[in-house]
Amino acid sequence: MAAFSEATYRNWSTAELMEWMVSLDASYDEKYREVLSNTLDIAGSDIDELDREDLQKYGIIRLEDRKHIYAALQNLIVVKKRRDSIITPTDHHNNNNDVEEEAHNDVASGSLSDDEEQDESTVLADIQWQQLRSDGFCILDDPLKDEVAVYAVCGYLRRNFTAKCMVEPLTRLITTYYHTRYNTDLYVELTCPDQIADSFLVPQQNLRLSGWLQSRLESLCQRIEVTQVPTATMRNVLRYLGHHQGVKPAPLPCPLRSIHMEQIVSDPWDARYVDAMDKKTVFETILAANYLDCQPLLHLGAAKIATLIKQLDQQEINRIIEEEERYRAAQADANQDVNDAPESD
C-alpha cells in the first residue's frame with residue numbers, strides 16, 4: 001500500500017491517488033498504471049463525487065475491477081465520515097446512513113439477501129451481523145460464556161427449584177433461548193470435530209454449491225456436523241461459499257492459459273482468495289472441497305496447484321517425483337516387514 005494516509009485522502013494529489021488505486025490489487029500496476037498516468041485528471045478532493053462509471057473513461061475497462069476500485073473509494077468516504085462524526089456502529093436494523101450501508105455491502109466479500117436483512121426473528125450481536133456480511137458466516141458462541149445471563153439463570157433456578165434437578169442442562173437451555181436465536185428457515189448451524197462449544201451460523205442459500213451440505217440441509221437438519229473438516233479449513237470454505245452465495249461461478253478454462261490466477265478466473269475475488277493461501281492451506285481446502293462435494297472450490301484449488309507446478313523447472317519436478325517414489329518404496333518395505341513378522345504363540 002502507498003505510504004500516504006488514507007485518513008487524509010482529500011489532500012491526495014493526482015499522482016498519489018493513482019498510486020493508491022494501482023496498489024489495490026497485484027495486477028493493477030501492470031494493467032492500469034500507464035493508462036491512468038495518461039488519463040487520470042482528478043485528485044483526492046474529487047473522490048466524493050466520483051461515480052463508478054467514471055472509472056471507465058480513465059481506462060479501467062474490466063467491470064469487476066471498476067467495482068473493486070469503486071468499493072475501495074466508497075470505503076474511504078465511509079471511514080472518514082465515521083471518524084469525523086465520532087460515532088459507534090449502531091444496530092443493523094436502525095442504520096439510516098444510506099451511503100455507509102451501500103459502501104459496506106460493496107466492500108464486503110459476502111452480503112445478506114433481502115430476506116435475511118429484513119428478518120426480525122434472528123437475534124445476533126452487532127459483531128455477528130458484521131461477520132455475516134463480510135465473511136458469509138458468523139460464530140455462535142457457547143451461551144454459557146455469557147456470565148451475566150448464566151448468573152441470572154442460576155440464581156433463578158436456585159430460588160425456584162428446591163429439589164435436586166438437572167441444573168446445568170436447564171441453565172444451558174434457558175440461557176441459549178435468551179442469548180442468540182436465529183430463523184431456522186434462513187440459517188443453519190455447522191460444527192466441526194475440533195470445535196469446542198462454538199459453532200458456525202451460515203445462511204442456507206450459501207450451501208447450494210456444496211452437494212454434501214445441501215443434502216444434509218434437505219434432510220431438515222438444523223445443526224450439521226462436518227466430521228472430516230477441521231475448523232480452520234471450514235472457515236476458508238465458508239468464506240468462499242459466502243462470497244458466491246449459492247451462485248455457481250463460470251467454469252475455469254482447460255487447459256489453463258496462464259500462471260496468474262487473476263487471468264484464469266472470471267471473478268477477481270477468487271484469485272485474491274486462493275493466492276492468499278500457502279500451499280498447505282490450498283491442499284487442505286482441496287480435500288475439504290472434495291469431501292463436501294463443492295466442485296467450483298475443488299477446481300479453483302486444483303487450478304492454483306497447477307499454476308504452481310507450471311512455474312517449476314524440470315529438475316525440481318524430477319526431485320519431487322523421486323522423493324515421492326522413495327517414500328512409497330519405504331512404505332512398501334515397512335508393510336512387507338509387518339507381514340513377514342512371525343506370529344507370536
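Predicted model: local features only at pLDDT ≥ 70, side-chain atom pairs only at ≥ 80, totals over all residues.

Residues are numbered from 1 along each chain as its sequence is written, and side-chain values use heavy atoms, with hydrogens and water left out.

**Whole chain.** The chain holds 15 helices and four strands. These are DSSP runs numbered from the N terminus: helices are H or I with at least four residues, strands E with at least two. Of its 345 residues, 41% count as buried. Buried means under 20% relative accessible area, exposed over 50%, and partly exposed in between (1.4 Å probe, protein chains only). Among contacts (heavy atoms within 4.5 Å) with a separation of 6 or more, 65% join residues 24 or more positions apart.

**Helix α14.** This helix covers residues 295-310. Its 16 residues should span 22 Å at 1.5 Å a residue, and the end C-alpha atoms are 22 Å apart, so the two agree. The expected span is 1.5 Å times one less than the number of residues. Buried residues in α14 include P296, L297, L298 and L300. Also buried there are G301, A303, K304, I305 and T307. Their cover includes α11 (231-244), α12 (268-275) and α13 (279-291).

S210 sits in the loop between β3 (199-203) and α10 (211-218). Q131 belongs to helix α7 (residues 126-135). Beyond neighbours within four places in sequence, S210 is in contact with L292, D293 and C294. With the same exclusion, Q131 is in contact with G136, F137, C138, I139 and R235.

| Residue | Relative accessible area | State |
|---|---|---|
| S210 | 1% | buried |
| Q131 | 18% | buried |

**Cavity.** The count is one cavity of 30 Å³ or more. A cavity is a set of points on a 1 Å grid over the protein atoms alone where a 1.4 Å probe fits but cannot get out; lining residues have an atom within 4 Å of a point. The largest cavity has a volume of about 30 Å³, the space filled by probe spheres set on the points. D25, S27, Y28, K31, R62, D65, E262 and P268 line the largest cavity.

Technical notes: 1 Å grid on protein atoms, 1.4 Å probe; cavity = no way out; pocket = protein on both sides within 12 Å on 5 of 7 lines; lining within 4 Å.
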